[in-house]
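User: I am new to this structure and would like to go through it in questions and answers. Please show it before we start.

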Amino acid sequence: MRGPLGAVIGRYTSSDGSDKDGIIKHNRKCRDITFLVIFIAFWVSMIVNSSFGFNQGNPLRLTYGLDYEGNVCGSSHRHRDLTQLELRYWLNPNQVYESGLKDGETTLANARTICLLDCPEPSDDTLSWVCDYPDGEIRLKMDDWIDRNYDYFEFLTPEMRNSSLQLQGPCYPLIFPSVNVHWSCQFIARASNSSLRHWEQMGGVSIQEDMIIDKSIRRSVNSRASVLKRYVADVGKSWPVLIVCGGLVPLFLSIVWLLLIRHFVAAMPWITVVLFNLLLISVTIFYYLKAGWIGDDAVTPIIGEHDPYIHVYGRELTHVRIVALLMTFISAVAILTSIAIIRRILMATSVLKVAAKVIGEVQALIIFPAIPYAMLAIFYMFWLSAALHLFSSGQVVQNNCNNTNCCAYDLVLKKVNCERCCGYSIRYTPHITIAIFFHLLGCYWATQFFIASSATVIAGSVGSYYWARGEEEEASQEIPFLPVFASMKRLARYNLGSVALGSLVVSFVESFRFILEAIRRRTKVSGTRPDHWLGRMGYYTSRGCLKSVEWTIKSANRNAYIMIAITGKSFCKSSAIATELIRNNIMRIGKVNVIGDVILFLGKLCVSLFSALFGFLMLDSHKYRSSHNKVSSPLLPVLACWALGYVVATLFFAVVEMSIDTIILSFCQDSEENEGNAQHAPSLLLETLDSNHEEEEVTDR
């Protein structure tokens, strides 16, 4: 049986009869130390894991390809500076064609590639060439080679010319036009008649005029791995957008929202609901614009100016259209739900008034979220940089040429070489995949830890405010600032282990749900989803149950943090105390708490949706539409802005959220200890809960 908590929560008298300045001070001790040790070890592992990424990775690999020497286009190397040469071009048209054949032994990874400044175009009156980097007897500087449009065929020896006519280099004919598709020159299956005629007149090997040369490149550029790399690279390129729209904008909006709650609490629920629907519709319209269903600003894989009659398909456009349809459905449901909860908004107003009074009394609560916000911002900058390097880590190796008939002229060896003529690729080992998943889990656990720590500090501060009532003349001087810093001290000294355990539970459940969802999608793709109605019912019921468990655990964790801050108990014990209090008072506080949470949740979505909308506007500027900094799709950067905005809003809205929950739980405990008559509850809270309780009784009758 749980004993009374009032004796350990309020002020108490020492043995000498003097009052201690000890709101929520009693004989505390460190709890859940094992999980704190695990959390520290996890951070050390994160640092080691990240150092591997910084050592082995190169984020430019996510955007640009490799040339025939294994260098990354667009970067500087020890023997060759390719900083300005960002485009990957396949030199040998026959290799590209053969790699698209079903029974061909050549793969596109084995085809010879080079880094260029722009995609070359065939000449109308003569035959143009694209030659290897100048080496050996070719006495040209890289700048001169670029100025000559990569063509030094006139300087070749007879042996080199003969090799070039056999499509073995060092120069290769320009027969097919190409266009810049995600920093790779996509061939267009439309040969230049003039160039092909000159090639045949020079005695070059056969090049089919009507061959489908773009198929293999298109398949490579649109592969899932390539699209994933581009999405991750988009986040890296748009880091200024993430700072502004994922950090500064939600910070400003969250502070404004708290100030409005403080001074205009009666109007805020209505403003929040209307603003939420408007922002949701605005974001949906932007997705329609990028999907090409409104206007002509659809996402395109082609970079720079191009022939308007050339249409190249990109998987990113399909993804944007799917999200646009999803946002349409969400908008419709949100509007209908908003209409349904209009009658409950007045009840939410009463609840928010209680939180507004607490914020007015404990003024430091508005300032405090800036501390976890700054810590989380520093963590995210480190995490994002490490993530980009981890995603791009791997060993650059030359492909095996034993089963291919490729040969290429080596300018240094001055002969045709058939042993080192294949292209290069990046080899990924299984431990890289594990490192990436570990890094993602670390981000989620750290985020939950910072949010939980912030919530615990706020709960301790509000608990001090609640249990100090009745002694206001003595406690009023302590209420404005000291409870916040005292609560931070108690967290750092006693409760970090409990917070680490609570955040680990949420992270574990989320990871488990993610794994099950991945398995579900895999079975759905492979056609193994149950066909019988009973199997389908169990299939969807399990998904619903898992989401319910996830929501329940998050809610239980939040209440557990409150009791940790107030009682100093361990995580499991605090969770049990909170659950028992809520169960005993569910009819009295249920509706009030749920409606208040709904309005706060909509407020968080308002901040995050505005961040996403501002992210769309920033990404639509010329900087992110040009060839160098262009993002392949605004989808992932906008989603990242939304997620970061939601996290920032959660940190600041926790002031209101935890204030309500802490006062309600303290009220429940106060009522139990005083035979149903709370002695410390504010009058406004009593009016709200009593009116709700009376409404429940009338409904029951």
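The questions below concern a predicted model and take up its annotated segments, helices, cores and salt bridges.

User: Which residue ranges does UniProt list as "transmembrane region"?

Analyst: The ranges come from an unreviewed UniProt entry, and such annotations may be inferred rather than shown by experiment. The entry lists residues 33-54, 239-260, 267-289, 322-342, 362-383, 494-516, 592-616 and 636-656.

User: How far apart are the end C-alpha atoms of residues 239-260, and what is the chain there, helix or strand?

Analyst: Over residues 239-260, a range that UniProt lists as "transmembrane region", the model has 0% strand and 100% helix. The end C-alpha atoms of this range are 30 Å apart.

User: Which residues have the most contacts inside the largest nonpolar core?

Analyst: The largest nonpolar core has 113 residues. Helix α21, residues 635-673, supplies the largest share of this core, with 21 residues. Inside the core, the residues with the most contacts are Y287, F379 and V656.

User: Which residues does F379 touch, leaving out those up to four places away in sequence?

Analyst: F379 is one of the residues with the most contacts inside the largest nonpolar core. With residues up to four places away in sequence left out, F379 touches W43, M46, G442, C443, A446 and F450.

User: How many residues of α21 are buried?

Analyst: A residue counts as buried when its relative accessible area is under 20%. Helix α21 has 39 residues, and it is largely enclosed by the rest of the structure because most of that count falls in the buried class: 32 of the 39 residues.

User: Where is the kink in α21 centred?

Analyst: From its first C-alpha to its last, α21 reaches 53 Å, close to the 57 Å expected at 1.5 Å a residue. The helix has a kink of about 45°. That kink in α21 is centred on F653.

User: What distance does helix α15 reach from its first C-alpha to its last?

Analyst: Helix α15 covers residues 430-468 and has 39 residues. Of these, 30 are buried, so α15 is largely enclosed by the rest of the structure. The expected span at 1.5 Å a residue is 57 Å, and the reach of α15 is close to that, at 57 Å.

User: What is the N to O distance in the salt bridge between R148 and E154?

Analyst: R148 is partly exposed at a relative accessible area of 30%. E154 is exposed, with 53%. Their side chains meet in a salt bridge with an N to O distance of 2.6 Å.

User: Which residues do salt bridges that share partners join into one network?

Analyst: The structure holds 11 salt bridges. One of them pairs R625 with D620, the closest N and O atoms being 2.8 Å apart. R625 is partly exposed at 40% relative accessibility, and D620 is partly exposed at 30%. The network joined through shared partners consists of K290, D297, D620 and R625.

Notes: Residues numbered from 1 in each chain as written. Predicted model: local features only at pLDDT ≥ 70, side-chain atom pairs only at ≥ 80, totals over all residues. Heavy atoms only, no water. Core = buried A, V, L, I, M, F, W, Y, C linked by side-chain atoms within 4.5 Å. Buried < 20%, exposed > 50% of the residue type's maximum accessible area, 1.4 Å probe, protein only. Helix = DSSP H or I, 4+ residues; strand = E, 2+ residues; numbered from the N terminus. Contact = heavy atoms within 4.5 Å. Expected span 1.5 Å × (residues − 1). Bend = angle between axes of the 7 residues up to and from the residue. Salt bridge = Lys/Arg side-chain N within 4 Å of Asp/Glu carboxyl O.
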